[in-house]
Amino acid sequence: MKLRRRDFLGTAVAAGAAAFAAPHIIHAQDEPAADGGGGRGNATPPPTYQVKIEKLFKSTDRYPNALEATPDGLWVGDQVSERVLKLDWKTGKVLTDFVAEAHNTSGLAVGGGYLWIGCNGSGTAAQFRPFNRPTDKAYGEIVKCDMKTGKQVWAFRTPWGGQHGTSWDHTTEHLWAVAPGLGFAAELDPKDDLRILKMVTIGGGTAHGLELYDGALWIMYAADRQVKKFDMNGRLQETWKLAATDPDPHGMCIHEGYVYYCDAGLGGGRTPSPGASPQMICRFPLTHT
């Protein structure tokens with residue numbers, strides 16, 4: 001059964017955002033629990049690790065909110081200027097620089113020859129701009145942009161509202177996106193107008209950064225200050241926790257065994273932590289300690 005945008009919206013109206021009953025929606029809590037809560041049996045809770053943050057360098061603009069990892073560089077998207085940079089992994093040197101036709105940039109993905117930008121619509125970041133652009137919207141979108149110029153090729157209005165992380169699955173050539181208000185990660189078909197193929201429950205905590213890495217879904221939770229690793233059916237595998245004194249987490253990507261994340265300088269719409277470091281790009285290793 002195809003779950004298209006109009007079907008998704010109709011279901012939401014009829015059943016409520018928390019109670020979708022569709023063939024392609026996977027609820028991890030319906031399976032034996034991997035986290036020791038709400039399931040059958042006495043499964044051992046998945047491990048949790050405390051991270052050690054390494055501060056690397058500051059982004060050029062004030063509000064970096066989205067990251068993407070490619071072999072040739074680290075992509076950074078700013079949620080106020082809509083500026084997109086590609087930086088050298090080792091030095092932070094700017095390799096690519098343009099202003100994208102996006103709004104409140106909150107996610108970046110590179111795939112299929114294009115840049116896919118998760119746009120969060122109006123909110124705490126976009127409202128600070130002293131001007132408007134023709135591509136500004138008051139609702140969430142995923143926009144498909146030229147990788148060299150940032151020019152918008154096509155836009156998809158997300159049926160779940162505000163849009164945060166996006167990530168490209170290079171094994172399936174599909175796009176994944178976080179639906180933060182509903183606690184889902186959605187698999188989308190870029191060859192069929194981003195038709196929704198599957199939705200996996202990932203819970204709350206302000207899911208923001210998203211990555212497909214090592215055959216798993218990785219989610220950065222801004223409010224909970226955690227990164228969680230799920231299998232592709234939404235079962236929790238591992239958790240990495242940030243300290244209150246670490247820079248605030250927003251966008252995220254993974255490269256060569258390291259989680260990279262950025263501090264967007266706004267406290268995620270909340271009170272910044274004691275370790276808030278606006279503009280900072282950080283990383284920590286995925287070590288089991």
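Trainee: Where in the chain is L194 found?

Mentor: L194 is found in the loop that links β14 (184-189) to β15 (195-201). We're looking at a predicted model, where local features need pLDDT of at least 70, side-chain atom pairs count only at pLDDT 80 or more, and totals for chains, interfaces and linings use all residues. Residues are numbered from 1 along each chain as its sequence is written, and side-chain values use heavy atoms, with hydrogens and water left out.

Trainee: Why is L194 called buried?

Mentor: Buried means under 20% relative accessible area (exposed is over 50%, partly exposed in between; 1.4 Å probe, protein chains only). L194 has 1%, so it's buried. Its phi is near 55°, a positive value in a residue other than glycine.

Trainee: And R225, what makes that one buried?

Mentor: R225 has a relative accessible area of 13%, so the label holds there too. R225 lies in the loop between β17 (216-221) and β18 (226-230), and has a positive phi of about 55° although it isn't a glycine.

Trainee: How many residues of β14 are buried?

Mentor: Six of its six. Both faces are covered: F184, A186 and L188 on one side, A185, E187 and D189 on the other.

Trainee: What makes β13 and β14 a pair?

Mentor: Two strands pair if DSSP finds at least two bridges between them. β13 (residues 174-179) and β14 have five and run antiparallel, so they pass. A179 has F184 as its bridge partner in β14. The two strands form a hairpin with four residues between them, and G183 in the turn has a positive phi of about 70°.

Trainee: What is the average pLDDT of the protein?

Mentor: pLDDT is the predictor's confidence in each residue, from 0 to 100. The average is 86, and 83% of the residues score at least 70. Over residues 5-23, though, pLDDT stays under 50, with 26 contacts (heavy atoms within 4.5 Å) beyond four places in sequence. Residues 29-40 are below 50 too, with 22 contacts beyond near neighbours in sequence.
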